[in-house]
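This report concerns the fold of a single protein chain. Please view the sequence and the structure together before reading on.

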Amino acid sequence: MPADIEFSFHQLTDVAQRHIRVFQIHQFLDRFAMGLAVAVVALALVDRGMDLFQISLLFAVYSATTIAMELPFGGLADNIGRKPVFLSAVVASLISFVLFLSSSDFNILALSFAFTGFGRALRSGTLDAWFVERFRTVAPDVDIQPALAKAQWANAMGLAFGAICGGLLPDVFGVVAIRFGFSIYDTSYLASLIVMSVVFFYTLAAITETPRPLNPEALRQGFLKVPTVIREAGLLAWTDRTLSRLLMALALLLMATNPVEVLWPTHVKAMLSEGYANTAIGALTATYFFSMAFGAALSPRINRMFRRRHAVTLSLALACLAALQIAMALQGSILGFVGVFILYSVIFGVIETPASSILHSCVENHQRSTLLSLRSLVQQFGAALGLMLVGGLAEGYSLPIAWVGATAFIVIAALLAGGLARRAK
């Protein structure tokens, strides 16, 4: 059982409560901006004349940029500060939106996706690390898992509302956009650019961090220290059995669930009438994020049921997720699929904060951003590998069979988490 005392929001100091609220608003705005664009990105690319192969190449540019930059920028955030690195990420996102809105040329769009990946790499492990470190300062010895759950709830709600608005804007303001020579989908990207600008100024005003030197020499020293920070963090992840098992479990989780997240619309569309299929899929996408937000909010209650043993909560949630993925694959009607899909999304939302709590308990402040970036990198590799494996299996057999086969990865992840629970006991 954790040594930290049980979390109670109303018993926290005013400073600690404000810290949580500030980060919740920040996470909501940042994810809302992303959700606006995510809702229409594929449709916007098709409208710009891109074929499926070109769209795949653009997403490959995004993934390659993110993977290449993930660890170096996590190490940089540990050296020069989380706030300036995050602000740089917002600037990269703004450049990406401007490039996307300015052209239909494949090369310009590829540059836009590269800046998106650049921004993703800069974001990873920045303000999450800041939130944990400051929370432990203003609320020492308090269980952080419920605080992380509140942040995750705001994150998912931002994506959900962003997806809803991103889908509505082309229909509501599309005629106006065409009148001015833009695509109807540019309305969502323009809204995303505006909200991301708000995120930039909100970060400047609301996120407080002890300033670190940012002169050219300090930046040079920060970059020079990055290889050392990465090496030390990698060695920690390799030698710490708790961290290595956790990272392996999270990679396996994404190997199984990313193919569901990416491919479920193609499975569901066959169950729907052509007249309302796209609208229904958009609504179900928002429901997916809302359900994850509910799962994140529910996570602390579930964790308390197991006496705040994070590894036990994680292991049981993974086992439930494996069963639900099999059940979802076996559904032949839209109502049955939607019911199981919502439960699946809720459990997926439950999983995030126990995993994060375990990771943060193993890491010191000077390596926190780097380890969060390493986690993101491992999960992205797992997601990409899973998509290739499951996609190949689906091509040879069927998508439901591929989803059932992929649950083996979740079962192994649950066993690894169970091993963490036994170690903790």
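**Overall make-up**

The model is predicted. The protein chain contains 15 helices and 0 strands. Of its 425 residues, 54% count as buried. Among contacts between residues at least 6 apart in sequence, 83% join residues at least 24 apart.

**Nonpolar cores**

The largest nonpolar core has 66 residues, and the members that touch the most others are L246, L253, L314, L318, L321, F337 and W403. Two or more residues of this core come from each of helix 7 (145–179), helix 10 (241–269), helix 11 (277–305), helix 12 (310–329), helix 13 (334–361), helix 14 (368–396) and helix 15 (399–424). Helix 10 gives the most, with 13 residues.

What does L321 contact, leaving aside its neighbours within four places in sequence? The residues in contact with L321 are L253, T257, Y344, I347, F348, I351 and I410. Apart from this core lies another, of 53 residues, which includes A33, M50, F86 and L148.

**Helix 4 and its two partners**

Two packed helices are described by the angle between their axes and the distance between the axes.

| Helix pair | Angle between axes | Distance between axes |
|---|---|---|
| Helix 4 (residues 82–102) and helix 8 (residues 186–206) | about 160 degrees | 10 Å |
| Helix 4 and helix 6 (residues 127–138) | roughly 150 degrees | within 9 Å |

Helix 4 and helix 8 pack at about 160 degrees. Because angles over 145 degrees count as roughly antiparallel, helix 4 is roughly antiparallel to helix 8. Helix 4 passes helix 8 in a left-handed crossing. On the side of helix 4, the contact is made by K83, F86, L87, V90, V91, S93, L94, F97, V98, F100 and L101. Helix 8 contributes D186, Y189, L190, S192, L193, M196, S197, V199, F200, T203 and L204. The residues of this contact comprise 16 nonpolar, 4 polar and 2 charged.

The axes of helix 4 and helix 6 cross at roughly 150 degrees, and helix 4 is therefore roughly antiparallel to helix 6. Here too the crossing is left-handed. In this contact R82, K83 and F86 of helix 4 meet L127, A129, W130 and E133 of helix 6. The residues of the contact divide into 4 nonpolar, no polar and 3 charged.

**F200 in helix 8**

F200 is located in helix 8. Is F200 buried or partly exposed? Its relative accessibility is 22%, so F200 counts as partly exposed. Leaving aside its neighbours within four places in sequence, F200 is in contact with L87, V90 and V91. F200 and F86 are 114 residues apart in sequence, and their C-alpha atoms are 8.9 Å apart in space.

**Q380 in helix 14**

Q380 lies in helix 14. Buried means under 20% relative accessible area; Q380, at 13%, is therefore buried. Not counting residues up to four places away in sequence, Q380 touches T66, I67, E70 and R120. The C-alpha atoms of Q380 and S63 are separated by 8.2 Å, although the two residues are 317 residues apart along the chain.

Terms used
Residues are numbered from 1 along each chain as its sequence is written. This is a predicted model: local features need pLDDT of at least 70, side-chain atom pairs count only at pLDDT 80 or more; totals for chains, interfaces and linings use all residues. Side-chain values use heavy atoms; hydrogens and water are left out. Axes are lines fitted to C-alpha atoms, for helices over the stretch in contact, and angles run from 0 to 180 degrees between N-to-C directions. Helices (H or I, at least four residues) and strands (E, at least two) are DSSP runs, numbered from the N terminus. Angles under 35 degrees count as roughly parallel, over 145 as roughly antiparallel, 65 to 115 as roughly perpendicular and the rest as oblique. A crossing is left-handed if the near helix is turned anticlockwise from the far one by less than a right angle, and right-handed if clockwise. Contact means heavy atoms within 4.5 Å. Ala, Val, Leu, Ile, Met, Phe, Trp, Tyr, Cys and Pro count as nonpolar, Asp, Glu, Lys and Arg as charged, and the others, Gly among them, as polar. A nonpolar core is a set of buried Ala, Val, Leu, Ile, Met, Phe, Trp, Tyr and Cys residues joined through side-chain atoms within 4.5 Å. Buried means under 20% relative accessible area, exposed over 50%, partly exposed in between (1.4 Å probe, protein chains only).
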